[in-house]
Amino acid sequence: MASSKTPIYTALAANLGIATTKFIAASITGSSAMISEGIHSLVDTLNELLLLLGLSRSQRPPDQKRPFGYGREQYFWAYVVALLIFAVGGGVSFYEGVTHMQHPELIKDPFWNYIVLGVAFTLDGYSLITAWRAFNATRGDQSLWAAIKDSKDSATFTILFEDASDVLGLIIAFLGVFLGHTFNNPYLDGLASILIGLLLVSVAVVLARESKSLLLGEGVSPQLSAQLVALTEADPAVLKTIQIATIYLGPEEITLVQSVNFHAELTTDAINQAIVRIHASIQKAFPEIKHPFIQPVAMPENSDMLLPRTGVSH
């Protein structure tokens, strides 16, 4: 399933409007937590634009410079988004909180803060539900964390993390404003800003780790690898799959390389015909295998080089 742009457009529209209203409310009330939340939404708006840029560039056709296409552009821009959340979102929010703690200022009137937080919570909540549905459509019966680790769609899980941090950040901002005003304690508002910064840094670290892994190259699951081996060995010309290697170039773009031992009596022409058949059967069963390659090899003398019958992902 290809990356859906619906969650990104939903989050973009929500964050653009929310950022504006948060900054207006912060200028009226002087709330440090609201300033941090405004920065948070502004960074998220930029992030959605970068994710859309990555999706657009990743869909460019292969050319002489990039014969395997531009699929990894999506992973690169997702990594940039993680860095922005860490440096700008988390860093500025933390700095704003520390500054407010050093120079505490009571919130003048929290009314507009509550209005903006309520509107923001509604919009961000809707955006989170949209992202959650898009993510659930691909994760099957996996646990949330397992699905995130296995997902090759960086745009979808990045938006999910962003929206979840938005909602949690709004809850923290509300508590900072409410408790600070109730107890007449300006330090609580600054503390909320620091906590929002720490939240964003934590999210950024997780996103950067997952995006880096995809950018460096991940293979298919052992289960899919075993299925590919089984399809290959189902051809009557094949004696044994010696080795298999796979790599994701994008969420729906996989390169497959196999070393295959064919029956010794086969001619070169017969082996070529077998390779064409195997490629056709693999791509029919798994359309995401865009670049299948088979290298005919002799049976190795060392049995340790042989794959077990279930197949192994390298």
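**Exercise 1.** What should the 29 residues of helix 4 (residues 111–139) span, and how far apart are its end C-alpha atoms?

*Solution.* The model is predicted: local features need pLDDT of at least 70 and side-chain atom pairs pLDDT 80 or more, whereas totals for chains, interfaces and linings use all residues. Residues are numbered from 1 along each chain as its sequence is written, and side-chain values use heavy atoms, without hydrogens and water.

Step 1. A helix is a DSSP run of H or I with at least four residues, a strand a run of E with at least two, both numbered from the N terminus.
Step 2. The expected span is 1.5 Å times one less than the number of residues.
Step 3. Helix 4 should therefore span 42 Å; the end C-alpha atoms are 41 Å apart, which agrees.

**Exercise 2.** Identify the buried residues of helix 4 and their packing partners.

*Solution.* Step 1. Buried denotes under 20% relative accessible area, exposed over 50%, and partly exposed in between (1.4 Å probe, protein chains only).
Step 1. Among the buried residues of helix 4 are N113, V116, L117, A120 and D124.
Step 2. An α-helix has 3.6 residues a turn, so residues three or four places apart point the same way.
Step 3. The buried residues of helix 4 pack against helix 1 (6–29), helix 2 (32–58), helix 5 (144–150) and helix 6 (154–182), where contact means heavy atoms within 4.5 Å.
Step 4. Just after helix 4, G140 adopts a positive phi of about 65°.
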